[in-house]
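Here's a quick briefing on one strand, its neighbours and the charged pairs around them. Have the structure open as you read.

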Amino acid sequence: MSSGVTINDECHSMYNDLKGGAKKYRYIGFVVASDCKSIEVDHDLVRSKSGAKTNAEKLEDSDNALKELCEKLSSLSDSRPRWVFFDYEYTNLATSSNSDKVALIKWCPEHINIKQRMLFSSSDNNVKQALNYGGPTVMCDDIDEVKNIKARLEKGELK
């Protein structure tokens, strides 16, 4: 079932800047607007990529961004779930090569009320289809699950 909630143009633009040739952002968060009619960028959950050039610098930037994201998610003052697209830089443990992958973190802690959960769940396919997203998706309801995503990518558990 679809919620009928639409994704605004800024979400499209910023997602393209995260995923496309520019790769401008490390992560961007989306949230259902307070009027429950559209999905908008959560500007508290946006981080630009650093000017890292070496693989070690890129890995460090990714690690620092993940720590920052966890802090921000922990301190959110409202009770709305979020979609966070994170461009991870990691070392594939099987091949020992550096890789990057955009993963979708579906952040919906247990304290979120049922109405918000239902709206989030019914809007999920709209988000993925509108952005033509087909990468790994991880549902997280606590910070430890978010922290564990990089390790799962490194082990090849998320495709």
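Let's start with strand E2, residues 25–32: it's mostly covered, with 8 of its 8 residues buried. Keep in mind that this is a predicted model.

**Strand partners**
- E2 runs antiparallel to strand E3 (residues 38–48), and 7 bridges join the two.
- Across that pairing, Tyr 27 sits opposite Arg 47 in E3.
- The hairpin of E2 and E3 has 5 residues between the strands, and Cys 36 there takes a positive phi near 60°.
- E2 also pairs with strand E4 (residues 82–92), again in the antiparallel sense, over 4 bridges.
- On that side, Phe 30 stands opposite Trp 83 in E4.

- Arg 26 and Asp 61 meet through their side chains in a salt bridge, at 2.7 Å from N to O.
- This pair links distant parts of the chain, since Arg 26 is in strand E2 and Asp 61 is in helix H2 (residues 55–74), 35 residues apart.
- Arg 26 counts as buried because its relative accessible area is 2%, and Asp 61 is buried too, at 4%.

- Glu 68 and Lys 72 form a salt bridge at 3.6 Å, N to O.
- Both lie in helix H2, 4 residues apart, or about one turn of the helix.
- Glu 68 is partly exposed at 24% relative accessibility, and so is Lys 72, at 26%.
- Shared partners tie salt bridges into one network, whose members include Arg 26, Arg 47, Asp 61, Glu 68 and Lys 72.
- The salt-bridge count comes to 17.

Note on methods: Residues numbered from 1 in each chain as written. Predicted model: local features only at pLDDT ≥ 70, side-chain atom pairs only at ≥ 80, totals over all residues. Heavy atoms only, no water. Buried < 20%, exposed > 50% of the residue type's maximum accessible area, 1.4 Å probe, protein only. Pairing = 2+ DSSP bridges. Salt bridge = Lys/Arg side-chain N within 4 Å of Asp/Glu carboxyl O.
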